[in-house]
Amino acid sequence: MTNTNKRWSAVLEGGFWFFVMLVPMLLGTVALTLVAGLAGIGLGLLLIPPAAVYLRWLADLRRKKVRTWRGIEIPEPYRPAPEFGTGFSGYWEKVRFHGTDPAFWRDAAWVVTDPVVGAFLAVLPIALVAEGLYGFVISALWNLFVDHGFNDWYAFVHVHRGNDGLRWAPAALGVLEIALGVAIAPKMLEWHARWSRVLLAPTPAQVEARMQHLTQTRADAVDTQAAELRRIERDLHDGAQARLVAMGMHLNAASQLLERDPEAAQKLLLEARDSSAKALSELRDLVRGIHPPVLADRGLVDAVRATALDSPLDVQVHAEVPGRLDAPLESAAYFAISEALTNVAKHAHAGHVWIDMRVVSGLLKITVSDDGIGGADAAHGSGLHGIERRLATFDGILALSSPQGGPTVVTMELPCASSSPKTSSSSGTA
């Protein structure tokens, strides 16, 4: 696209944003007015969740247009939403969540002020072009304006009626107005985009909090990896390595007794064979603990179903996961589910467990629920805390609902993306 075409495109883009989006923006202002006006009797608070959804839709549309038109990225400042309950209590949780989210109020400030700012920054270029074109109309219909006159040009035409030498003055001025409008359009559109970024991007405090979160999760990931390496080393030293050493000693002793005492040598060989089998089993368990082969070969759904088959509980697995996910994400989700099943088996006194996995709006949502006694507390359980740390590395979250008497519901969410068009969808009892 040539430079001239880009400038004309900027003129049209500014006009599109203002005139097409003016009504939706005004509707957002009306919604905020209702929220504020009815807050005194409590009804305004109940309007916060739908208002937040509508404002976020408008803001996301603006972010998309700014990225497409100007190449300016506006990150989303929104906090991840937890799993809300049902009924009025769940709706009230939504009210408190959105009402205390600074991003909601920044979206509100943007919706209220942008029509005014946009009227200057986005509309000025197209207004100049339209006024310039109107000048051409004046010159083309000069005699009509002399006889009847219209709005702001009437005085000029009336004063100079009969003077055809000034007939093309409006057109000449129109050329200047059109040239000015086209010239300033890209810069005005860029200023409008940057103005949007001021209110729609995360604040410095949010960026700093995000950096602290990333620093903490990175440290947790490093600590977890170091602990995992120590566990592997310990398991090798105390398990398979010890058995392999014992097997070597048995074979050495058997070779010495083979001629003098064949029966004793045969016994030692049998013991060496048993040690070999146990060492092989322990190595397989160790490899399965690092990265199960079924997870690498067949993906998350089949790996979870295989784990469910090994569980002493009655576990039902339902999954709607399109394709394969990224390997690190699949690993994190698998071990999080495995840890949750282990916690149920140890502490919940449950008989049945239900696992639901599905991908919704770019999120892998996992729910592990049981019919146990409840009373689980993430603040006092190392298992749930470990799951939280594992998920946090991938910007995931964990929500727990476990009243006394049960049931316990553990909900996990992980941002994800499919890497294969193949769809894996299965359900059943393991």
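**Helix packing**

Analyst: The crossing of α6 and α9 is left-handed, meaning that the near helix is turned anticlockwise from the far one by less than a right angle, with clockwise being right-handed. Helices (H or I, at least four residues) and strands (E, at least two) are DSSP runs, numbered from the N terminus. This is a predicted model: local features need pLDDT of at least 70, side-chain atom pairs count only at pLDDT 80 or more, and totals for chains, interfaces and linings use all residues. Residues are numbered from 1 along each chain as its sequence is written, and side-chain values use heavy atoms, without hydrogens or water.

User: At roughly what angle do the axes of α6 and α9 cross?

Analyst: Axes are lines fitted to C-alpha atoms, for helices over the stretch in contact, and angles run from 0 to 180 degrees between N-to-C directions. The axes of α6 (residues 123–140) and α9 (residues 169–200) come within 7 Å, and they cross at roughly 165°.

User: Which orientation does that make α6 relative to α9?

Analyst: Under 35 degrees counts as roughly parallel, over 145 as roughly antiparallel, 65 to 115 as roughly perpendicular and the rest as oblique. α6 is therefore, relative to α9, roughly antiparallel.

User: How are α3 and α4 (residues 87–99) placed?

Analyst: Their axes come within 8 Å and cross at roughly 50°. That makes α3 oblique to α4. The crossing of α3 and α4 is left-handed.

User: Which element gives the largest share of the lining of the second largest cavity?

Analyst: On a 1 Å grid over the protein atoms alone, a cavity is a set of points where a 1.4 Å probe fits but cannot get out, and lining residues have an atom within 4 Å of a point. Ala52, Arg56, Tyr78, His98, Asp101, Ala103, Phe104 and Asp107 line the second largest cavity. Two or more lining residues come from each of α3 (48–70) and α5 (102–121). The largest share, 3 residues, comes from α5.

User: How many bridges join β2 to β3?

Analyst: Two strands pair if DSSP finds at least two bridges between them. β2 (residues 352–360) and β3 (residues 363–370) run antiparallel. They form a hairpin with 2 residues between them, and serine 361 in the turn has a positive phi of about 55°. The number of bridges is 8.

Key: 1 Å grid on protein atoms, 1.4 Å probe; cavity = no way out; pocket = protein on both sides within 12 Å on 5 of 7 lines; lining within 4 Å.
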